[in-house]
Amino acid sequence: MSGRATLRSILRVVEHHAFVYRRTWHGSVFSTFLNPVLYLAALGVGLGAFVDQSNPAGIEGVTYAMFLAPGILVASAMNTATFESTYPVMAGIRWLKTYVGMILSPLNARHVATGQLLWAGVRVALGGVIFLAVMIAFGATGISQALLMLPVAILTGLAFAAPIQAFAAAQTNDAPFASLFRFVIMPMFIFSGTFFPISQLPDLLQLVAVATPLWHAVSLSRGIALGMLDPAVAVINLTYLSAMVVVGLLWSYRTFDRKLTE
Amino acid sequence: MSTTPAAPLIRARELTKRFGDFTAVDAVEFDVQPGEAFGFLGPNGAGKTSTMRMIGCVSPVTAGTLEVLGMDPRTDGSAIRRRLGVVPQADTLDMELTVMENLIIYGRYFDLSYRECRTRAQELIDFVQLTEKVDSQVEPLSGGMKRRLTIARSLMNEPEMILLDEPTTGLDPQARHLVWERLYQLKKQGVTLILTTHYMDEAEQLCDRLVVMDKAQIVAEGTPRELIERYSSREVLELRFEDLVTPRLDGKDGGLIERSEQLPDRILLYTDHGEELGETLYAEGVRPVTSLVRRSSLEDVFLRLTGRRLVE
């Protein structure tokens, strides 16, 4: 299959997801669009008032809301990507078998896996655009920074979606997904620097936090938002997240191939 | 038979599928000619679905050779699938989408334009008699309607050959007859049909030629009529006795019984003269509770070949 034909097949899978999303988008409005804004309002503005009072110099020199917002952006990207790569993948392979239907056409399991990943990226981008617009409206960032933060949010989404969809495809039921959210995603959400600088953590936990993918995403996003990006660190952040996309996608080729074409 | 046989659409030689230690398909050989309706008849677990999945290029061949439309599924899967229609055993429809939308998005996988998709979808929706449901969501449709929609979907790319894996399993008799009638129309239009079934009436209705599969192997091949002539008698006398106890029939049949099969609830007596046999036995004092003479069927062929029934 030529490169162009492969790309076209992958885009057909994305098209399918968009087609279904047109019918079902209202079901996920709250989690994708409203939740992050509510976090920003409640914690950034509400809790932020207390934080800023006791901390006149600000956190890293800015108000709590400005510190928090870039963290929420990528943490939401993680949440959306994780959700998009778990239950819908289980549905496509086992519950509704829509993926099984797709590969009866010229599409194959790898097109399905790649298209699924890209669609998770689209979903993250949609949420990211809305959230960045709110940030700009709140004065939490500028337009030029926002234009750089959007690709970071998308990369973050892809970095989580790729290995998680590979994992999801290998499962026989959805029970492991609850554990994934509870024991992996939630702790990362709380402790990887989204809400407070990880320098507040004990030394050992700081090391753990730095090892998590979300910390690398927060580091990039916040670095851009606050104009304090360290190029050397940024390269490490980007490499880490990109490696997750590549390794995750190759892993999902294996699991999608095995589940769909055994 | 034409004098210059066309190249077969499917050619299988020692075709084998293994899952670990388990052999699902064991060195089967068959050809399917253009325009014929070809069936795989056998009980659940005989290897029919595994064979179909290999033909449909969604399951790799373990050993042997398989050619589909003159191509090799190992290397040309995508090109082969472009020209096939597939109705899998379980429906794989998009439940959130409407009948029309299901067909449109499926047509897109074959690179049809939206306009083409819409035109073909409307024709096919009429063909499978779902016209009134065109804008209904799929989820609440009946099993028979979903099955017909899946058949319509398999026709979106105007395939030369359709693979149907148990097209009417789970449907009520009326829904089955509607599906059969539509498949018969397709056959008349020259579409090659390949189907699996464990219903002998389905095989007899639809198949020009079939293979009987059991335990991963092909145990017989021919037209339904040939198979019945070769492996069974013309007629069958079915007798049921009180308390399900069959008396001794030896020497009372006037030599009319060719063969017999004792089933849990009745005995099948294979003969060319059912009525006469019944009368002869009655004259000898045999008093069944019920007695029925019928023509031999593929079920009898299967029973003869494997010692078991198709649907347990």
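This is a predicted model: local features need pLDDT of at least 70, side-chain atom pairs count only at pLDDT 80 or more; totals for chains, interfaces and linings use all residues.

Reader: How many helices and strands does chain B have?
Author: The C-alpha atoms of chain B fill a box of roughly 75 × 45 × 45 Å along the principal axes. Of its 312 residues, 43% count as buried. The secondary structure of chain B consists of ten helices and 13 strands.

Reader: How far apart do the C-alpha centres of domain 1 and domain 2 of chain B lie?
Author: Chain B is divided into two parts by the domain assignment, with domain 1 spanning 10–223 and domain 2 spanning 233–295. The distance between the C-alpha centres of these domains of chain B is 40 Å.

Reader: Which elements of chain B give two or more residues to the side that touches chain A?
Author: The contact takes 23 residues from chain B and 23 residues from chain A. On the side of chain B that touches chain A, eleven residues are nonpolar, five polar and seven charged. The elements of chain B that give two or more residues to this side are α2 (73–82) and α3 (99–108).

Reader: Why do the buried residues of α2(B) lie on the same side of the helix, and what arc do they cover?
Author: The buried residues of α2(B) are B:Pro73, B:Gly77, B:Ile80 and B:Arg81. What covers them includes α1 (48–55), β4 (63–68) and β5 (84–87) of chain B. They are placed on the same side of α2(B) because the arc they cover around the axis is only 100°.

Reader: Is B:Thr192 buried or exposed?
Author: B:Thr192 has its place in strand β7 (residues 192–197) of chain B. Leaving aside neighbours within four places in sequence, its contacts include B:Leu9, B:Val32, B:Pro34 and B:Glu160. A residue needs 20 or more other C-beta atoms within 10 Å to be classed as buried. Because B:Thr192 has 22 C-beta neighbours inside 10 Å, it counts as buried.

Reader: How many residues of strand β12 of chain B are buried?
Author: Strand β10 (residues 235–240) of chain B pairs with β12(B) in the antiparallel sense over five bridges. Strand β11 (residues 259–262) of chain B also runs antiparallel to β12(B), joined to it by four bridges. Strand β12 (residues 267–271) of chain B is largely enclosed by the rest of the structure, because the number of its five residues that are buried is four.

Reader: Which residue in β12(B) is the bridge partner of B:Glu261?
Author: β11(B) and β12(B) form a hairpin, with four residues between them. In the pairing of β10(B) with β12(B), B:Glu235 stands opposite B:Thr271. For B:Glu261, the bridge partner in β12(B) is B:Leu268.

Reader: Which residues are included in the second, separate core?
Author: In the largest core, A:Ala69 is one of the residues that touch the most other members. Not counting residues up to four places away in sequence, A:Ala69 touches residues including A:Leu40, A:Met135 and A:Ala225. The second, separate core has nine residues, and among them are B:Leu237, B:Leu239, B:Tyr270 and B:Leu281.

Note on methods. Residues are numbered from 1 along each chain as its sequence is written. Chains are lettered from A and ligands numbered from 1 in the order in which they are written. Two residues are in contact if their C-beta atoms, placed from the backbone, lie within 7 Å. Ala, Val, Leu, Ile, Met, Phe, Trp, Tyr, Cys and Pro count as nonpolar, Asp, Glu, Lys and Arg as charged, and the others, Gly among them, as polar. A residue is buried if 20 or more other C-beta atoms lie within 10 Å of its own, exposed if 12 or fewer, and partly exposed in between; C-beta atoms are placed from the backbone. The arc is that of the directions from the helix axis to the C-beta atoms. Domain bounds come from an automatic or database domain assignment. Two strands pair if DSSP finds at least two bridges between them. A nonpolar core is a set of buried Ala, Val, Leu, Ile, Met, Phe, Trp, Tyr and Cys residues joined through C-beta atoms within 7 Å.
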